[in-house]
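Hi everyone, thanks for coming. Let me show you the structure I have been looking at, and then we can walk through it together.

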Amino acid sequence: MKQRVARRWNFKLTWPLHVMLVPGIVLVLIFAYLPMLGLVMAFQDFQPQLGFFRSEWIGFENFKLMFEYPDARQVIWNTLLIAVIKIVAHLIVPLIFALLLNEVRKMVFKRFVQTLVYLPHFLSWVILGGILLDMLSTDGGLVNQALGWFGIEPIFFLGNGDWFRFTVIFSDVWKDFGFSTIIFLAALSGINPDFYEAALIDGANRWQQMLKITLPSLIPITIVVGTLSLGNILNAGFDQIFNLYNPLVYEKGDIIDTYVYRVGLIGGDFGFGTAVGVFKSLVSFILIVISYRLAYKLANYRIF
Amino acid sequence: MKEAKGELFLKQGWIKPVALMTTLVLSMGFLGACASSNGENKGKNEVSSNNQAAAKSVLEAGKFSEPVKMDIVRQMTSDVKFRTGEDINNNPHVTWAKEAFNIDLNYVWTADSSAIDTKIRLLLSANEDLPDIVQYRGSQDVIDALIDSGKFVEVGDLFEQYASDAYKSAMAEDASVWNPYVRDGKKYALPILDYANNNDTVLWIRDDWMKKFNLQPPATIAEMETMMDMFANQDPDGNGKKDTVGLAVGLKNGMNTWGLADADFIFGAYGVMPGQWNAGSDGKLAYGSVQPEVKTALGKLKEWMEKGYIHKEAGLHDEGKAAELFSSGKAGIVAAPYWAGGWPLPAVKEVDKNADYSAYRLPAGPDGKIGRSQSGVSNGVVLINKNYEHPEAFFLYANYLYENQGNPQAGSPLEYGFEEGYDYLIKDGKPTWDGAQFPADQPIMNLGKYTILFDGARIPSLMMKTLSDLDGGKEATSAFEMKAAMDMDKNIHAGAVNYSQIEFAMPNLYNGSPTKTYKKRWDFLNKSEKETFNKIIYGDSPIEAFDTFVAQWKSSGGDTITNEVNEWYDSVKSN
C-alpha cells in the first residue's frame with residue numbers, strides 16, 4: 001500500500017518526462033514495429049497488385065526455395081566465413097591499436113593518427129570499390145607495384161577467390177577499425193589512474209601495467225562490442241562485396257545478401273527476399289540472446 | 001471492487017480498438033474487392049456501349065468539341081527539364097494540347113525512376129483509383145503488375161480502330177514490341193517506340209595507330225588478330241612500355257551486354273549470340289549461351305587473354321571501366337554503339353592529342369558470319385484505364401504526333417518543333433536547334449520530352465537511315481535531317497556503318513515476363529554461366545568445362561525454361 005502511494009506520487013512528479021517519451025515511442029511504433037507486419041510476405045507468393053490480403057498463402061515454400069538453391073550451402077558458408085573473420089578482426093585490431101595509441105605520449109601525434117584512421121569510415125563502398133579496382137590492379141596498380149619492389153609477382157587480388165576473401169576482410173578492417181578504436185579509447189580514458197599509480201609504486205613496468213590493469217579493465221567493453229556484433233554473423237557486408245565481386249570469384253565471394261539482391265530485388269520476388277530476411281534476423285536474434293546470456297554469466301556484464 | 005472495475009475497463013479498453021481494427025481491416029478488404037469487381041463491370045459496359053462512331057468523328061475532326069480531361073501518372077526521367085516557373089502541368093506543351101485537341105492534360109502525380117516502382121506497387125496493393133493514363137518506362141515486373149491488376153483496357157482493338165496509318169506503320173516495323181504485353185492473345189499496353197539499333201555495336205579503331213603500322217581496317221577476325229597483336233606488342237603509343245592491349249572488352253556482366261565495350265560481335269562472328277534467346281532453325285527459341293558455337297568463341301577469347309590482346313582484368317571490368325581503356329589510350333579497338341564517338345571515346349584526345357578514331361564494320365568469322373546483338377525498339381509503355389471515357393483522346397494525340405512530329409514534312413505545324421523560342425529558334429529565316437543561340441535566361445527546352453510518348457513520336461528505322469543518307473552526301477532538307485546533321489561527323493559516319501550491317505543484328509526474342517521456372521532457377525543458371533565462361537577465358541578451367549556447364553544447365557532447369565519460353569513465344573507470335 002505504501003509503495004503504491006509512493007509510486008503514484010512519483011508519477012505525478014515525473015509525468016512530463018513520460019510525455020516527452022511519447023513522440024519517440026510513436027515513431028518507433030510507426031517506423032519499426034508497424035512495418036514488421038510486412039513479414040507475412042515471407043509466407044506468401046506476394047504480388048504487389050494483390051497486396052497482403054489477397055496474395056496467395058504458400059507457407060514455408062519461400063524458405064524451402066532458399067535451401068533448394070543449388071549454391072545455397074556455398075553461399076551460406078561464404079557468408080559465415082567472411083562474417084566471422086570480420087567480427088574477430090574488428091575486435092582484435094581496434095583493441096590492439098587503441099592500446100598502442102594509448103602509449104603514445106605526444107598528444108598532437110595521437111590525435112592526428114586517430115583522425116587519420118577514422119576517415120575511411122566515411123567513404124562509401126561505391127567509391128572505394130572503384131578506387132580498390134585501380135589500386136589492386138595487376139597492371140600498374142599501386143599495391144602490386146609496391147610488391148614488385150620486393151620481387152613479388154603481381155597478385156590478382158580481385159580475380160582469385162582466396163585473395164578476394166583476404167582483400168574483402170582486409171579492406172573492411174582498414175575502413176572501419178578507426179571507428180571502433182574510438183570506443184576502446186573512451187574506455188581507456190575511463191580507467192581509474194589510481195590503479196596505475198599503485199602499480200608504479202609496486203614497481204610494475206609498462207608491460208605489466210598493460211597486462212594486469214589495462215586489459216582486464218577493457219574486458220567488459222570488449223564483451224559488449226563482441227556481443228552486439230554477433231548479430232552480424234550473417235551480414236558479410238553487402239555494399240562491399242556487391243561493388244567488388246565478379247564472375248571469377250563467385251565461388252568464394254557470393255554471399256547471402258548478394259544472392260537475395262539478385263533474386264529478390266532484380267527478379268522481383270519480394271516474398272522470397274523477405275523470407276531470407278526473416279531467416280537472417282532469427283539466427284541473429286538467437287545468437288544475440290545466447291551470447292548475451294553468456295556474457296552475463298561469465299563476465300557478469302549486463303547491457304540492458 | 002473499484003479495482004476490478006478498473007481492470008475490466010482496461011481489458012475492454014484493449015479489446016475495443018483491436019476489435020475495431022480487425023473489423024476495419026476486414027471490411028476494407030471486402031470493400032476493396034467489391035469496388036474492384038464493380039469497376040470491372042462498369043468498365044466493360046462502357047467500352048462495349050462506347051459510341052465508336054462519336055469517337056471516330058472526333059478523330060476525323062481532329063479536335064474535341066467539349067474539353068476532355070486526361071489524368072496522367074508519369075515517370076520523370078532525369079532528362080526532363082523545365083524553365084523557371086514551369087512544371088509538368090504548366091508548360092507550352094500542355095497549352096498546345098489544349099489548343100490543338102481541347103484535351104486538358106492533368107498530371108495527377110509524377111515520380112522519378114527510383115521512386116515510381118514503389119509508388120505504383122503501393123497504389124496497386126492499396127487498391128486505389130488509377131489515373132486514365134499511366135506513362136511508364138522501367139521494369140517489366142511493374143508493367144506486369146499493372147496489366148494483371150485488370151484495371152487497364154485492352155488496347156489492341158483500340159489501336160486497330162483509332163491509330164493513324166503513320167502511327168501504325170511505325171509500330172509495324174517490329175511486331176515483337178507488343179509481345180511482352182500480350183495476355184491470351186490480347187494486348188494490354190501500348191509500347192513506346194524508340195530508335196532502332198541505337199545501341200548496336202560498331203567497331204571503333206584508333207586511326208593513328210592503324211596508320212603507324214600501315215594496317216587496313218579488319219574485314220575478318222583473323223585480320224583483327226594481326227591488328228591486336230601489333231597494338232598489344234609493338235608499343236603503338238610509343239612510350240617505350242608494354243602497356244597497351246588490342247581490344248577493350250568488359251566481361252564482368254556477361255559476354256553480351258548493352259553495347260559499350262561489348263564482346264557480342266566476337267560470338268556473332270561464329271554465328272551465335274550468348275545471353276539471349278535466338279530463333280533456331282526449327283523456329284523454336286533457343287538460349288544462345290548453350291550452343292556449341294559458343295565453345296569456339298570462348299576458346300578464341302581464352303587465346304586472346306593468353307596473348308595479351310585483351311586486358312588481364314577484363315573479367316573485373318564492367319562496360320564503363322572497359323571503355324575507359326580505349327578513352328585513356330590503352331586500347332586500340334572497342335566495340336561500342338554509334339554514339340560513342342560523342343561519349344566516352346573523345347576523352348582519349350586529352351591523353352594523346354594526336355589520337356584519332358573512326359567507326360568500322362564488324363569483322364566476319366572464319367565462315368564469313370557476322371553478328372551482333374540488336375538493341376530493343378521499344379522503351380516504355382502507355383496503359384489506358386478501363387474506366388476512361390475517352391481512350392480515343394490518346395490516339396488523337398499520338399496520331400497527330402506521328403503525322404506531324406515524327407518525321408515532319410515541310411509546312412507541317414510541328415515542322416521545327418512545338419514552339420518557337422522553346423525548342424527551336426528562327427534566325428535569319430532559318431531554323432536552328434543550337435542551344436548556344438538561345439538567350440541565357442530562356443534556354444532551349446526539348447518539349448518532346450514533355451509528351452506522353454516520352455521523347456515525342458519516334459519512328460524506329462528513321463534515325464539510322466537518315467544518318468546513312470547524310471553520310472552518303474545527301475543534303476539535309478527535312479527538319480529531321482537537319483537536326484540529325486547537327487550530330488558529330490564521327491557519329492554520323494558511325495551511324496552509317498551501323499546501318500550498313502543492320503541485317504546482322506540479332507534480336508533477343510524472349511522479351512516477356514519471367515516464367516515460373518525462370519524466376520526460380522535463372523539466377524543460378526546465369527551465375528554459373530558467367531562463372532564458367534570467365535574461368536575458361538582465364539584458363540582456370542579447361543575448355544571442356546563448357547560441356548559440363550551445358551549438361552548442368554539443361555538438367556538444372558534450363559530445359560524446362562526453354563519449354564516455357566517456347567510456350568510463351570507460341571502464344572504471342574501469332575499476334
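Let's start with chain A, which is divided into domain 1 (2-44) and domain 2 (61-299); these bounds come from an automatic or database domain assignment. Taken over C-alpha atoms, the centres of the two domains of chain A are separated by 34 Å.

A quick word on the model. It is a predicted one, where local features need pLDDT of at least 70, side-chain atom pairs count only at pLDDT 80 or more, and totals for chains, interfaces and linings use all residues. Residues are numbered from 1 along each chain as its sequence is written, with chains lettered from A and ligands numbered from 1 in the order in which they are written.

Now, how many residues of chain B are in contact with chain A? There are 27, and they meet 26 residues of chain A; contact means that C-beta atoms, placed from the backbone, lie within 7 Å. On the chain B side, H18(B) gives the largest share, 10 residues. Helices here are DSSP runs of H or I with at least four residues, strands are runs of E with at least two, and both are numbered from the N terminus.

Finally, please look at strand S6 (residues 190-193) of chain B. Leu190(B) and Ile192(B) on one side are buried, as are Pro191(B) and Leu193(B) on the other. Buried means 20 or more other C-beta atoms within 10 Å of the residue's own, all placed from the backbone. S6(B) runs antiparallel to strand S14 (residues 378-384) of chain B, joined by 3 bridges. Within S14(B), Ser378(B) is the bridge partner of Leu193(B).

Methods:
Two residues are in contact if their C-beta atoms, placed from the backbone, lie within 7 Å. A residue is buried if 20 or more other C-beta atoms lie within 10 Å of its own, exposed if 12 or fewer, and partly exposed in between; C-beta atoms are placed from the backbone. Two strands pair if DSSP finds at least two bridges between them.
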